[in-house]
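Let's take a walk through a protein chain together. Have a look at the sequence and the model, and then read on.

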Amino acid sequence: MTYRYESILPAMIRGRLPANTWLRGDSTLLARPDGLRRRLADSVIRRAFQSLAGALFVGQYNHAYFRHHGIDDRHLLRSPPAVDPDHFCPAPEVREEAAAWRRRLKLERAEPLVLFVGKLQSIKRPLLVLSAFRRARLGRATLAFVGTG
């Protein structure tokens, strides 16, 4: 769970979470307010974190954030981002299939392809993607939409 949700933060501060509640977040100490606002935020977060059994951190800066707000190393577990980097280094047969699709679409190999994958419904905002793509002026890049209505 994340403590930014308004319904969770009061429960954390009042210590009304189940005893085995763990938090996973990716906050850091990098872009923080200065002065009184920072001290107030630190105080509120430190108080909220007291009700946790522990926290799952995603990297060194996130680890430092949890330590700064009072969570002991014994109660911190590494939880790296949930992206499998091997997935993005496809096997040779997958690369060949991708090359075949590029040939069918008449795209050069080095030409960037921006892909929208999702239902083509207004709630998924495909027109916003199109507008952003046009405004970005990415040269020879191609925008493709894949999905059903």
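First, some ground rules. This is a predicted model, in which local features need pLDDT of at least 70, side-chain atom pairs count only at pLDDT 80 or more, and totals for chains, interfaces and linings use all residues. Residues are numbered from 1 along each chain as its sequence is written, and side-chain values use heavy atoms, with hydrogens and water left out.

Start with the big picture. The chain is built from five helices and five strands; here helices (H or I, at least four residues) and strands (E, at least two) are DSSP runs, numbered from the N terminus.

How does the radius of gyration of the chain sit beside that of a compact globule of 149 residues? The globule would be near 15 Å, but the chain has 22 Å. That radius is taken over C-alpha atoms, and the globule rule is 2.2 Å times the number of residues to the power 0.38. Along the principal axes, the C-alpha atoms fill a box of roughly 60 × 35 × 30 Å.

Now for what is tucked away. Of the 149 residues, 23% count as buried, where buried means under 20% relative accessible area, exposed over 50%, and partly exposed in between (1.4 Å probe, protein chains only). The accessible surface of the chain comes to about 11400 Å², and 56% of it belongs to carbon and sulfur atoms. Those areas come from the Shrake-Rupley method with a 1.4 Å probe; for residues, only the protein chains shown count as cover. As for contacts (heavy atoms within 4.5 Å), take those between residues at least 6 apart in sequence: 57% of them join residues at least 24 apart.

On to the charges. A search of the whole structure turns up seven salt bridges, each being a side-chain nitrogen of Lys or Arg within 4 Å of a carboxyl oxygen of Asp or Glu. One of them pairs Arg-32 with Asp-42, with the closest N and O atoms 2.5 Å apart. This pair links distant parts of the chain, 10 residues apart: Arg-32 sits in the loop between β1 (22–24) and α2 (35–49), and Asp-42 is in helix α2. Arg-32 counts as buried at 19% relative accessibility, and so does Asp-42 at 10%.

Another bridge joins Arg-74 and Asp-72, at 3.0 Å between the closest N and O atoms. Arg-74 is exposed, at 69%, while Asp-72 is partly exposed, at 30%. Arg-103 and Glu-96 also meet in a salt bridge, at 3.1 Å from N to O. Glu-108, Glu-111 and Arg-140, in turn, are linked in a network of salt bridges.

Finally, two histidines. Is His-69 buried or exposed? His-69 is buried, with a relative accessible area of 1%, and lies in the loop between α3 (60–68) and β3 (76–78). Leaving out residues up to four places away in sequence, His-69 touches Leu-29, Asp-42, Ile-45, Arg-46 and Phe-49. His-87, found in the loop between β3 and α4 (92–104), counts as exposed at 56% relative accessibility. From C-alpha to C-alpha, His-87 and Leu-40 are 42 Å apart in space, and they are 47 residues apart in sequence.
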